[in-house]
Amino acid sequence: AAAIATTRTLTAADSGGVFSVAKTSAYTITLPTPAQGIIFTFMVLDTGANIVTITDGAAHLNGIVSVNSVGTVMTGTNILLASGGALGDWVTFQGIDATHYLVTGACLNAADITVT
């Protein structure tokens with residue numbers, strides 16, 4: 001997986017990538033405008049004490065993340081990989097049209113992955 005440890009803006013050319021996210025500082029990862037078929041997966045690399053925000057700007061994020069085996073509805077503009085999140089938490093964004101990403105993922109503890 002390609003490591004991300006600082007603010008970064010992804011492009012459609014990065015689609016298909018699996019990115020490891022280090023929470024050694026607080027930063028934002030910006031996704032490109034959604035388009036059908038583009039996909040990005042992020043894996044939590046460590047249990048750092050910072051929050052990493054993944055944002056899609058003007059579009060909306062919709063989907064379900066498994067939180068300790070319970071489906072949690074995600075709808076909003078930002079996904080937060082929270083401080084204290086477990087190693088191996090993951091979230092995937094798949095473009096389903098020009099304005100929406102389908103969000104899926106899994107985390108061990110409540111609030112490890114949240115949406116705002």
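1. Are phenylalanine 93 and tyrosine 101 buried or exposed? Both phenylalanine 93 and tyrosine 101 are buried. Please keep these two residues in mind, as they come back below. One thing to know before reading on: the model is predicted.

2. Let's begin with the overall make-up. The C-alpha trace spans about 35 × 30 × 20 Å along its principal axes.

3. Of the 116 residues, 42% are buried. The protein exposes about 5,200 Å², and 60% of that comes from carbon and sulfur atoms. Taking contacts between residues at least 6 apart in sequence, 61% join residues at least 24 apart.

4. Now to one of the sheets. Five strands make up an open sheet with mixed pairing, and their order is β2-β4-β6-β9-β12. At its edges stand β2 (8-9) and β12 (113-115); each has a single partner strand, so one side of each is left without a neighbour in the sheet. Within this order, β4 (residues 27-30) pairs with β6 (residues 52-55) in the parallel sense over four bridges. To find the place by eye, look for threonine 28, which stands opposite threonine 53 in β6.

5. Strand β11 (residues 100-107) deserves a visit of its own.

6. Which strands pair with β11? One is β7 (residues 60-67), in the parallel sense over eight bridges; here leucine 61 has tyrosine 101 as its bridge partner. Another is β10 (residues 90-95), which pairs with β11 in the antiparallel sense over six bridges. There, glutamine 94 has leucine 102 as its bridge partner. A hairpin of four residues leads from β10 to β11.

7. The aromatic side chains come next. The whole structure contains three aromatic pairs. In one of them, phenylalanine 19 and phenylalanine 42 are stacked, at 5.5 Å centre to centre with 25° between the planes. Phenylalanine 19 belongs to strand β3 (residues 18-21) and phenylalanine 42 to strand β5 (residues 39-44), so this pair ties together parts that are 23 residues apart in sequence. Phenylalanine 19 counts as buried because its relative accessibility is 4%, and phenylalanine 42 counts as buried because its value is 1%.

8. Here the two residues from the opening return. Phenylalanine 93 and tyrosine 101 form an edge-to-face pair, with 6.2 Å centre to centre and 85° between the planes. How do the aromatic residues come together, and which ones form one cluster? Phe19, Phe42, Phe93 and Tyr101 do.

9. Finally, a word on charge. The structure holds one salt bridge. Arginine 8 forms it with aspartate 14, and the closest N and O atoms are 3.6 Å apart. Arginine 8 counts as partly exposed because its relative accessibility is 30%.

How values were computed. Residues numbered from 1 in each chain as written. Predicted model: local features only at pLDDT ≥ 70, side-chain atom pairs only at ≥ 80, totals over all residues. Heavy atoms only, no water. Pairing = 2+ DSSP bridges. Helix = DSSP H or I, 4+ residues; strand = E, 2+ residues; numbered from the N terminus. Salt bridge = Lys/Arg side-chain N within 4 Å of Asp/Glu carboxyl O. Buried < 20%, exposed > 50% of the residue type's maximum accessible area, 1.4 Å probe, protein only. Contact = heavy atoms within 4.5 Å. Areas by Shrake-Rupley, 256 points an atom, 1.4 Å probe, with all protein chains shown as cover. Phe/Tyr/Trp six-rings, centres within 6.5 Å; stacked < 30°, edge-to-face > 60°.
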